[in-house]
Amino acid sequence: YDKRTLSAHAKKNSIEGNAIDSAALSMSYFESRLSMETISLVKGFDAVSCFVNDDVNAEVIHCLKQQGVNTIALRCAGFNNVDLVAAKKEGIKVFHVPDYSPTSVAEHAVALIMTLNRKTHRAYHRVKEGNFALEGLLGFNLEGRTVGCIGTGRIGSAFCRIMKGFGCKVLCYDLYPSQELIDQGCEYLSLDELYQQSDIISLHCPLNESTHHLIDKNSLAKMKDGVMIINTSRGALVHAQEAIDALYSKKIGYLGLDVYEQENEIFFEDMSSHIIQDSVFQLMLTFPNVVVTGHQGYFTDEALNHIAETTIDNLLHHQNE
Ligand code: NAD
């Protein structure tokens, strides 16, 4: 999908762009993840375009520079997989696609909530087996529920607006509160107050040192019993083992994940071998009140087109800035 969308936009650019643009872009696509094992593939290229599953650490960056690469164009918003300090030191420019479709990810977070609150994942499997019994499928309304949003940037803001539309009380936490959201009736509180009052908590902050394992046994202890946790941001925001403990104790009533701590090994590599090795992930999938998707929040037609367009634009027009 990525190759098809990127090629279409590259072609569009060379047809519609000027002669310099069309001459400037010669592109090759490799299936492998960028790592020290695959670094020789980039030899002779001026730029590499990476995704969330590429491990662009300091060693890789040093080798990229040695191979003549001067630009990294990420096809994603988050850049926690790139050592930005090393890139700066080596003089390699790093571009990302900051706002390709906040709506896509926000809507996916809502889709996870609505799968869990009406147990549609379980209902679907039952109906496929010819079982129309409703036992165990009792749901709850979203209207009137209190939803906590941690991180109210592009995606978090879109998420808050949708939840307001459902008639939820929306509580927010961010280092930089948004006046627009306050004007729309959202309320900013301390993190602890948000934990104490929310029925549903959705994570929309970046992964960094201060947010690593934000959801762990300490923060969970402050939350309501049976809280619903949704993570579409980055896997390591949630301590997987401690989330499982909280599922056993019923502190977490529902868990919806689009991202997972070891997702590079699990979602993007050979599933059959890696899924068996990650026993925590395997255990998580056994809970009926857990729904996991494989980092597909961004995966809409609209978002892919926007990613391809911005990536090609970054490669063609901003390399020399
Ligand atoms: P953004 O930069 O627009 O917003 C992030 C917000 O988090 C900002 O308002 C920032 O102030 C806030 N923040 C930073 N540190 C915080 C902290 N310690 N506590 C609370 N808030 C904090 O980013 P975005 O475009 O909204 O993306 C959010 C995250 O979603 C990205 O970092 C990325 O990891 C993830 N994402 C996931 C997918 C997917 O497919 N699942 C796609 C795109 C992005």
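Buried means under 20% relative accessible area, exposed over 50% and partly exposed in between, with a 1.4 Å probe and protein chains only. This is a predicted model, in which local features need pLDDT of at least 70 and side-chain atom pairs count only at pLDDT 80 or more, while totals for chains, interfaces and linings use all residues. Residues are numbered from 1 along each chain as its sequence is written, and side-chain values use heavy atoms, with hydrogens and water left out. Of the 321 residues of the protein, 46% count as buried. The secondary structure comes to 15 helices and 10 strands, where helices (H or I, at least four residues) and strands (E, at least two) are DSSP runs numbered from the N terminus. Contact means heavy atoms within 4.5 Å; among the contacts with a separation of 6 or more, 64% join residues 24 or more positions apart.

**Sheet**

- Seven strands form an open sheet with parallel pairing, in the order β6-β5-β4-β7-β8-β9-β10; two strands pair if DSSP finds at least two bridges between them.
- The edges are β6 (187-188) and β10 (290-292), each of which pairs on one side only.
- Strands β7 (residues 200-203) and β8 (residues 227-231) are parallel and share 4 bridges, with I200 having M228 of β8 as its bridge partner.
- On to β9, β8 is joined by 5 bridges, again in the parallel sense, and N231 has L257 of β9 as its bridge partner.

- Because 5 of the 5 residues of β8 are buried, the strand is largely enclosed by the rest of the structure.
- From β8, V227, I229 and N231 point one way, and M228 and I230 point the other way.
- V292 lies in strand β10 and is partly exposed, with a relative accessible area of 22%.
- V292 and L257 are 35 residues apart in sequence, and their C-alpha atoms are 4.7 Å apart in space.

**Helices across the sheet**

- Helix α5 (residues 102-118) lies across β7, β8, β9 (252-257) and β10, and runs at about 145° to β8.
- Helix α7 (residues 154-165) lies across β4 (146-150), β5 (169-173) and β7, and runs at about 170° to β4.
- For these angles, axes are lines fitted to C-alpha atoms, for helices over the stretch in contact, and angles run from 0 to 180 degrees between N-to-C directions.

- In α11 (residues 240-248), the buried residues are A240, E242, A243, I244, A246 and L247.
- Their cover includes α10 (217-221), β9, α14 (279-284) and β10.
- Just after α11, K250 takes a positive phi of about 70°.
- Helix α15 (residues 301-317) has 17 residues and reaches 24 Å from its first C-alpha to its last, close to the 24 Å expected at 1.5 Å a residue; the expected span is 1.5 Å times one less than the number of residues.
- Buried residues of α15 include A303, L304, I307, A308 and T310.

**Cavity**

- A cavity is a set of points, on a 1 Å grid over the protein atoms alone, where a 1.4 Å probe fits but cannot get out, and lining residues have an atom within 4 Å of a point.
- Grid points are joined across faces, edges and corners, and a volume is the space filled by probe spheres set on the points.
- The count is 1 cavity of 30 Å³ or more, and the largest cavity holds about 40 Å³ of space.
- Its lining consists of N231, G235, V238, A240, L257, V259, Y260, E261 and M284.

Key. On a 1 Å grid over the protein atoms alone, a cavity is a set of points where a 1.4 Å probe fits but cannot get out, and a pocket is an open set with protein on both sides within 12 Å along at least five of seven lines; lining residues have an atom within 4 Å of a point.
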